[in-house]
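Here is a quick tour of the side chains in this model, from rings to core to surface. Have the viewer open as you read.

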Amino acid sequence: MQAAHPYFHLRAARVIATICVLCVSLPALAGDYYLRFGVALDQASDTVFTDRNCLNLYPYALYGCGTGGDGHPYRSDGGFKSAPAFELGLGYSATSRFRAELVAEKRRQSEFVGLANFLQPGEQQDVVASIESTLGLLVAHVDLTNRKSSRFGGITPFVGFGFGFVRNECSDMRMDFPRTITTVPGDARTNFAGVLALGLSFALNQQRTMLDLTWRYMDLGEIRTARNVGQVAWRSGSREPLLLDLDLTRGRLKGQGFKLSLRHTL
């Protein structure tokens with residue numbers, strides 16, 4: 001796996017630390033500010049890895065142009081397993097129904113499990129990799145009812161939308177074939193990210209502490225393997241590993257899931 005950029009993790013830690021410092025140092029009259037902590041479990045949609053340019057010869061395109069045994073262009077098709085995410089946010093309620101917040105989120109490692117299509121369906125051509133993501137988002141929420149006069153017994157429906165940045169770190173990709181194992185170098189990439197959300201807020205403590213249950217759809221941009229040296233190793237050991245100067249491959253990461261969070265007004 002290509003080494004992650006330490007400075008990015010340092011910046012993420014600084015963002016979280018800054019949020020905490022701001023919360024502690026807010027003036028007493030800042031009753032419209034709130035702190036959020038949440039956990040989420042998302043299920044990624046199917047992801048397809050393809051070449052940046054299947055015609056490339058130097059560096060070599062991993063898949064190349066042509067049609068696989070399943071009738072589709074050469075590629076790896078699969079999905080990421082569910083993985084938890086943790087978030088910390090600082091928000092401001094501008095009106096009784098509108099609020100905005102800055103959110104830092106860390107998504108734990110999720111494994112990609114898929115199949116290449118070089119060979120006929122049913123033959124061994126398993127593909128595995130893993131990914132971790134770190135996000136920074138600006139999110140706006142609109143309550144659909146006034147929570148102080150809600151007809152639903154302290155339950156307030158809301159909608160949300162937001163945008164920001166995400167850094168996706170992809171591990172080395174392993175491709176298992178009947179006679180060989182191909183290793184493709186991993187890579188890290190920073191992308192734009194977007195989120196849409198629907199949820200319900202439950203009042204817990206005289207409207208100062210709210211429990212939010214949220215369904216969300218997220219677009220986390222591209223994930224990539226690197227333009228770097230990979231290798232092909234023979235299972236029998238009959239040949240020395242073959243080094244390949246590979247071009248990058250890429251896929252799109254999207255998903256949906258549920259988030260449970262506590263929101264406390266300061």
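## Charges over rings

A charge counts as sitting over a ring if NZ of Lys or CZ of Arg is within 6 Å of the ring centre and within 35 degrees of the ring normal. Arg263 does this with Tyr34, its charged end 5.6 Å from the ring centre. Arg99 has its charged end over Phe158, at 5.1 Å from the centre of that ring.

A word on ground rules: the model is predicted, so local features need pLDDT of at least 70 and side-chain atom pairs 80 or more, while totals for chains, interfaces and linings use all residues. Numbering starts from 1 along each chain as its sequence is written, and side-chain values use heavy atoms, with hydrogens and water left out.

## Ring pairs

Across the whole structure, a search turns up seven aromatic pairs (Phe, Tyr or Trp rings, the six-membered one for Trp, with centres within 6.5 Å). Tyr63, Tyr74, Phe118 and Phe177 are tied into a cluster by such pairs.

## The core

The largest nonpolar core holds 27 residues; a core here is a set of buried (under 20% relative accessible area, 1.4 Å probe, protein chains only) Ala, Val, Leu, Ile, Met, Phe, Trp, Tyr and Cys residues joined through side-chain atoms within 4.5 Å. Among those with the most contacts inside it are Phe80, Leu135 and Met173. S6 gives the largest share, six residues.

## An exposed Phe

Is Phe258 buried or exposed? Phe258, in strand S14 (strands are DSSP E runs of at least two residues, numbered from the N terminus), counts as exposed because its relative accessibility is 52%, and exposed means over 50%.

Terms used: Helices (H or I, at least four residues) and strands (E, at least two) are DSSP runs, numbered from the N terminus. Rings of Phe, Tyr and Trp (its six-membered ring) pair if their centres lie within 6.5 Å; planes under 30 degrees apart count as stacked, over 60 as edge-to-face and the rest as tilted.
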